[in-house]
Structure formats: structure tokens, C-alpha cells
Amino acid sequence: LKCGGVVASADDLRLLSMPAVRGRVGRKPLTEYQGWPKGIYPMSDGWVPPCYPKEEELIAYEERMNARKKATLVKRHLCMKEPQLLQLRKREFAQKSEYSMLAYAIAEGEYSGEGDDRSYFAIVFYEPSKKSKVERAFKITGLELADYEQVVVDPDSKMEQEEKFMYAHGAGEVGEVIMGEFEYQVVPKGSPEY
């Protein structure tokens, strides 16, 4: 074969193509980048749909993700009734008071009723420096947040919501309230369901 004025055999061409393959040596596989969509790709032959991100896009995405700042947060676990939750889950109220919250409905039974008597289990997240502001906001609804233990959120937590809140607070985006999809049943210790 003649290439650029140089005559080469097929064996030489294989050797000439190796440096291009070596260019990826030392880099991690595409599937290990943070932005790689989860699924069946790449196929066994390495094919991926053209709409999937290219390596440069994945590197840029990963650099942006790694540059994000995580805020140090604390959390408190508490129970509340429907009227309190309706006030506390308003985005404007939560943003003004600088907290984020997870809330889970408790199924009707011994610990939860209907309507205004319905109970919710909640986890409130906030920055330690905002403690008094958050406590005042909860006091407005009739809840004494100071009665509940304050726990530091593990900065290396892999719980999706905790990570989301740490990054959101780090970016100054507070006030998100996430409602659980399901009702939860309180099961006393020693019962068959426990």
C-alpha cells in the first residue's frame, strides 16, 4: 500500500494504527464518568448511539460536578400534623427560613388520623449557622424544633437526598421540600410485622 509517498505492507499499517489506540490508554472507560447515562451501552462491540455524550463532554461534566461545593448540614427528625406540614412545605416559607425537608406520610392508624389529624415523619436539613432562624420558623407552626436532637449530616453520605441537599445549600439553593411517594406504617416493637 502507498500512503503519503511511503510504501507499507499490511503488517506495517497495523503497527502504524496502534498509537491512535494508545491515546486512550491511561484514561478511564467512558462508563466510569459521572455523566455517562446508565443502561445497556456500550454494546459488546463498543457501539453507542450518536446521541450519547462524547468523551470531551463527559470530562467537562465531571469537572463541573467536582467543582461544586458541599455545605455542612445538620438534620432533625420529627413528627408533625397536616396543618403544620402545609405551612412548612411552602417553598417561599422554606427558602426564607433557609431549610430543606423530606416528609413522609404515616398511614392511618394509632399514630395518624384523617384530615388535620394526619401525621407526617419529617427530616429537616439546614446549615448550623441558620439554626435559630429555622427554629423560629418551626415555632410559628407550633413545633419546638429545639426539642428534637440535632445530628450532623455525614459529608460523605451517599444517600441521594442528603447529597442533593448538601450541594443545593452549597450553591445557595435552599427551600426544597420533598414529599415521600408512599405512606409509612408505624409498627410497634414485638408485633408480628416488626
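I began with Lys75 and listed its contacts (heavy atoms within 4.5 Å), leaving aside neighbours within four places in sequence: Ile123, Val124, Phe125, Glu149, Gln150, Val151, Val153 and Glu162. The model is a predicted one, in which local features need pLDDT of at least 70, side-chain atom pairs count only at pLDDT 80 or more, and totals for chains, interfaces and linings use all residues. I number residues from 1 along each chain as its sequence is written, and side-chain values use heavy atoms, with hydrogens and water left out.

**Entry 1**

I placed Lys75 in strand E3; helices (H or I, at least four residues) and strands (E, at least two) are DSSP runs, numbered from the N terminus. Is Lys75 buried or exposed? Lys75 is buried, at a relative accessible area of 13%. Here buried means under 20% relative accessible area, exposed over 50% and partly exposed in between, with a 1.4 Å probe and protein chains only. I then found a polar contact of 2.6 Å between the side chains of Lys75 and Glu162. Such a contact is a pair of N or O atoms within 3.5 Å; within protein, one must be able to donate a hydrogen and the other to accept it, and residues adjacent in sequence count only if both atoms are side-chain atoms.

**Entry 2: His77**

I noted that His77 also lies in strand E3, and that at 33% relative accessibility His77 counts as partly exposed. Beyond four places in sequence, His77 is in contact with Phe121, Ala122, Ile123 and Tyr148. From His77 to Met101 I read 9.9 Å, C-alpha to C-alpha, for a sequence separation of 24 residues.

**Entry 3: the sheet**

I traced an open sheet of five strands in the order E6-E3-E5-E4-E7, with mixed pairing; two strands pair if DSSP finds at least two bridges between them. Strands E6 (151-152) and E7 (177-184) stand at the edges with a single partner strand each, so one side of each has no neighbour in the sheet. Helix H6 (residues 160-170) packs on the sheet and touches strand E3 (74-81), E4, E5 and E7. The direction of H6 makes about 150° with that of E4; axes are lines fitted to C-alpha atoms, for helices over the stretch in contact, and angles run from 0 to 180 degrees between N-to-C directions.

How many bridges join E4 to E5? I found six, between residues 100-106 of E4 and residues 119-126 of E5, which run antiparallel. Ala103 stands opposite Ala122 in E5.

**Entry 4: helix H5**

Which residues of H5 (residues 131-140) are buried? They are Val134, Ala137 and Phe138. Seen down the axis of H5, these buried residues fall within an arc of 95°, so they line one face of the helix; the arc is that of the directions from the helix axis to the C-beta atoms. I saw that they pack against E3, helix H3 (82-88), helix H4 (91-97), E4 and E5. The face turned away carries the exposed residues Arg136, Lys139 and Ile140. After H5 comes Gly142, with a positive phi near 95°.

**Entry 5: Glu98**

I checked Glu98, in the loop between H4 and E4. Its phi is near 60°, a positive value in a residue other than glycine. At 19% relative accessibility, Glu98 counts as buried.
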